[in-house]
Amino acid sequence: MGGLEAEFLGSLAVLALFMAVTLAARIWFTRPAAAPGTDLSLYQVAMLAGGAARVSDTALAYLTWSGMIEIRESTDRLVRIPGMRTVPDLHPVESSILAAVDASGVRPEAAMGAGRQAAREAVALPAD
């Protein structure tokens, strides 16, 4: 019977070792990744999602939502709303689009071109 007990204890030791290695591997591979030092800004996310064109679209959406710019469907132009003052803490992309739009209106392509150029210069993605 001594051989059977030794075989049983050996199998039990192998099983215990297997369980310990499996548990350690599971803990190691399911631990959360290290969090980046900073969160991405709205425009950095837009740059990752679609480049400078997406950043420009996002800035135009904000300016329209905030009431600084209106889209006139009848003339297919972007128009600056009279009486709306520029907010001092606008992002450079927002400022460039707003600067391209006047009270008489401009074609969306002109304003968006200014926004894309500003996005290439002002929106920096974090380094890996």
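**Note on side-chain contacts in the predicted model**

1. The structure holds three salt bridges, a salt bridge being a side-chain nitrogen of Lys or Arg within 4 Å of a carboxyl oxygen of Asp or Glu. The model is predicted, so local features need pLDDT of at least 70 and side-chain atom pairs count only at pLDDT 80 or more, while totals for chains, interfaces and linings use all residues. Residues are numbered from 1 along each chain as its sequence is written, and side-chain values use heavy atoms, with hydrogens and water left out.

2. One of the salt bridges joins Arg 72 to Glu 70, with 2.5 Å from N to O. Arg 72 is partly exposed at a relative accessible area of 34%; the scale here is buried under 20%, exposed over 50% and partly exposed in between, with a 1.4 Å probe and protein chains only. Glu 70 is also partly exposed, at 32% relative accessibility.

3. Arg 107 and Asp 76 form another salt bridge, their closest N and O atoms lying 3.3 Å apart. Arg 107 sits in the loop between α3 (92-100) and α4 (108-122), and Asp 76 in the loop between β1 (69-72) and β2 (77-80), so this pair ties together parts that are 31 residues apart in sequence. The helices and strands named here are DSSP runs numbered from the N terminus (helices H or I, at least four residues; strands E, at least two). As to accessibility, Arg 107 is partly exposed, with a relative accessible area of 39%, and Asp 76 is partly exposed at 38%.

4. Arg 107 also meets the side chain of Glu 109 in a salt bridge, at 3.7 Å from N to O. Glu 109 counts as exposed, with 51% relative accessibility. Through shared partners, salt bridges join Asp 76, Arg 107 and Glu 109 into one network.

5. Turning to the rings, the structure holds one aromatic pair. Tyr 62 and Trp 65 make up this pair, which is tilted, with 6.0 Å centre to centre and 40° between the planes. For the terms: rings of Phe, Tyr and Trp (its six-membered ring) pair if their centres lie within 6.5 Å, and planes under 30 degrees apart count as stacked, over 60 as edge-to-face and the rest as tilted.

6. Tyr 62 is partly exposed, with a relative accessible area of 31%, whereas Trp 65 counts as exposed at 71% relative accessibility.
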